[in-house]
Amino acid sequence: PLLKSQSFSPNWSYLAADLAVGMLPETRETGVNEIKRVLHGECWSIHHGRVERRQYWQPNKFVDSERIDDPDVAASELRYTTHECVNAWASCYDGKLAMLSGGLDSSIVVSLLAANSTGSDVVCINYRNAHDPVTDERRFAREVANESGFALLEFEQSAAVSLKPLLDMPRLAAPCQPLSELCNSIREREISQKYRASAIFTGHGGDQLLFQNGA
């Protein structure tokens with residue numbers, strides 16, 4: 001009843017940014033001005049209409065308390081931490097899909113998966129655009145998949161995409177499904193069922209973190 005009586009308006013700035021570069025869930029903003037996101041590690045307590053926010057977990061505290069000035073030590077710690085994170089998530093699932101563009105981020109993830117996975121429980125997927133040879137990194141993807149011992153499925157992206165599946169998407173304040181990935185997600189769902197995969201690993205976030213996104 002409360003939501004039905006509430007009026008909502010689109011957050012056009014957020015929507016424009018999301019379409020351009022893909023917004024990560026590290027901001028309170030959503031596609032609706034009247035709806036805010038609870039951030040990772042955060043707790044909201046609501047009493048009589050008043051909201052109190054508490055941060056239960058803050059990764060920046062680790063940065064402030066343990067400064068590393070030696071590049072070699074920093075590289076070693078970064079590799080160890082990344083390996084432990086990927087390994088922890090991988091241990092939760094039997095079958096896994098790995099999006100492997102052949103770029104740096106996805107190649108790192110797949111290489112780390114290989115350290116603790118068998119060749120049969122990970123299947124890699126590569127997409128390419130036939131009209132954009134500059135971003136065709138299949139050669140690198142094949143090398144990474146071969147070195148890791150994983151199967152690699154290659155697909156050519158099509159411009160003929162039906163937008164009808166958008167009607168079946170859940171209505172969210174901050175959709176996590178970019179239009180550009182709509183056709184891919186349908187194919188990935190079919191592949192997941194075929195190979196009994198229950199998780200998808202990607203290198204998404206690396207481009208935004210280093211601000212090297214083409215857009």
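Strand S3 pairs with strand S4 in the parallel sense, over four bridges. Here, two strands count as paired if DSSP finds at least two bridges between them. Strands are DSSP runs of type E with at least two residues, helices are runs of H or I with at least four, and both are numbered from the N terminus. Within this pairing, methionine 99 stands opposite isoleucine 125 in S4. To get from S3 to S4, the chain passes through helix H5 (residues 104–114), in a right-handed β-α-β crossover. Right-handed has a set meaning: with the strands pointing away from the viewer, the path from the first strand over the helix to the second runs clockwise.

A word on the model. It is predicted, so to speak of local features takes a pLDDT of at least 70, side-chain atom pairs count only at pLDDT 80 or more, and totals for chains, interfaces and linings use all residues. Residues are numbered from 1 along each chain as its sequence is written, and side-chain values use heavy atoms, leaving out hydrogens and water.

S3 has another partner. It pairs with strand S6 (residues 197–201), again parallel and over four bridges. Leucine 97 stands opposite isoleucine 200 in S6.

How enclosed is S3 (residues 95–99)? Five of its five residues are buried, so the rest of the structure largely encloses it. Buried means under 20% relative accessible area, exposed means over 50%, and partly exposed lies in between (1.4 Å probe, protein chains only). Both faces of S3 are covered. Gly95, Leu97 and Met99 are buried on one side, Lys96 and Ala98 on the other.

Now move on to S4 (residues 122–128). Six bridges join it to strand S5 (residues 151–156), and the two run parallel. Tyrosine 127 has phenylalanine 155 in S5 as its bridge partner. Helix H6 (residues 138–148) carries the chain from S4 to S5, and this β-α-β crossover is right-handed.

Step back to the whole chain. It has eight helices and six strands. Along the sequence they follow the pattern α-α-β-β-α-α-β-α-β-α-β-α-β-α. Of its 215 residues, 25% count as buried.

Tyr56, Trp57 and Phe62 make a nonpolar patch of about 410 Å². Such a patch joins nonpolar side chains (Val, Leu, Ile, Met, Phe, Trp, Tyr) within 5 Å, from residues with over 30% relative accessible area and no salt bridge. A salt bridge is a side-chain nitrogen of Lys or Arg within 4 Å of a carboxyl oxygen of Asp or Glu. Phenylalanine 62 sits in helix H3 (residues 60–65). At 49% relative accessibility, phenylalanine 62 counts as partly exposed.

Key
Patch = residues over 30% accessible without salt bridge, like charges linked within 9 Å, V, L, I, M, F, W, Y side chains within 5 Å. Areas by Shrake-Rupley, 256 points an atom, 1.4 Å probe, with all protein chains shown as cover.
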